[in-house]
Amino acid sequence: MNDNTMSIPHLIMNASTVVQLVMLLLVVASILSWVVIFQRSIALRRAKQEYNQFEESFWSGVDLNELYREIPVDDPRHGAEHVFQAGFREFNRLMPKTSDASTVLEGVQRSMRVAWSREEDRLTQHLVFLATVASASPYIGLFGTVWGIMGSFQALSLTQQATLSTVAPWIAEALIATAMGLFAAIPAVIFYNRLSNDASRLLGKYEDFAEEFHAILHRNLQGRDSKPSAS
């Protein structure tokens, strides 16, 4: 048996059409999953930095009216800054309309909850794709494996004498399909868990910030302070 005929590139090029399609699908899934991995990793790293910067500014004792005015209206903000912007905008909108503190606080909490939900969608964007690749790739590779095994049995049925050279190419392409399925699935599983955990921890910090901000507004409403601060 020629060594060249058993090389991986030769086996892929000479594999059956179905197995080639399976391999192509797995390669595309792997490439797209790595694109998502790099994109989400960079986005989450940036989100952590933005949260730390805003938290430092918020707890510096600055007047919250001043902090709110520093945020450009036409510049969409993300993370805790988005939650703060939504909550304080609703606070300023409701204060002239009602003297009922509970109504104001409910409106603020509702606005912050909507902002938090949007941040959840933003931070977990495309992670479902990683989960799909992680769960589906081994089975797609297994389908290619089964197809290759079927081809090997068909090859055996057409020969008078069973030899390794008859079934080896079919078995080899079946194993390549399995390996490619695992190659696509393993990084997707690892980074899905890691990125999901990072997103959950960051969302937890946003939720904690919303609760603390709500408590600050509650204290200021009780004192009827016209210029609430983060003290």
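Modeller: Let us begin with the residue classes, in which Ala, Val, Leu, Ile, Met, Phe, Trp, Tyr, Cys and Pro count as nonpolar, Asp, Glu, Lys and Arg as charged, and the others, Gly among them, as polar. This is a predicted model, where local features need pLDDT of at least 70 and side-chain atom pairs count only at pLDDT 80 or more, while totals for chains, interfaces and linings use all residues. Residues are numbered from 1 along each chain as its sequence is written, and side-chain values use heavy atoms, leaving out hydrogens and water.

Biologist: Which residues line the largest cavity?

Modeller: Rolling a probe the size of a water molecule over the atoms shows where empty space is left. On a 1 Å grid over the protein atoms alone, a cavity is a set of points where a 1.4 Å probe fits but cannot get out, a pocket is an open set with protein on both sides within 12 Å along at least five of seven lines, and lining residues have an atom within 4 Å of a point. Here the largest cavity is lined by Glu50, Tyr51, Phe54, His78, Gly79, Ala80 and Glu81, and by class this lining has 3 nonpolar, 2 polar and 2 charged residues. Its volume, the space filled by probe spheres set on grid points joined across faces, edges and corners, is about 30 Å³.

Biologist: What is the volume of the largest pocket, and what lines it?

Modeller: The largest pocket has a volume of about 150 Å³, and Gln109, Met112, Arg113, Trp116, Glu207, Ala210, Glu211 and His214 form its lining. Both α5 (101-123) and α7 (164-223) supply at least two of the lining residues, helices being DSSP runs of H or I with at least four residues, numbered from the N terminus. The classes in this lining are 3 nonpolar, 2 polar and 3 charged.

Biologist: How do α4 and α5 cross?

Modeller: Two packed helices are described by the angle between their axes and the distance between the axes. The axes (lines fitted to C-alpha atoms over the stretch in contact, with angles from 0 to 180 degrees between N-to-C directions) of α4 (residues 79-94) and α5 come within 8 Å and cross at roughly 155°. These two helices are therefore roughly antiparallel, a label for angles over 145 degrees.

Biologist: What angle do α2 and α6 make?

Modeller: The axes of α2 and α6 (residues 127-157) come within 10 Å and cross at roughly 160°, which makes α2 roughly antiparallel to α6. Residues including Leu25 and Val36 in α2 meet others including Phe129 and Trp147 in α6, and the contact divides into 16 nonpolar, 5 polar and 1 charged.

Note on methods
Parallel < 35°, antiparallel > 145°, perpendicular 65-115°, else oblique. Contact = heavy atoms within 4.5 Å.
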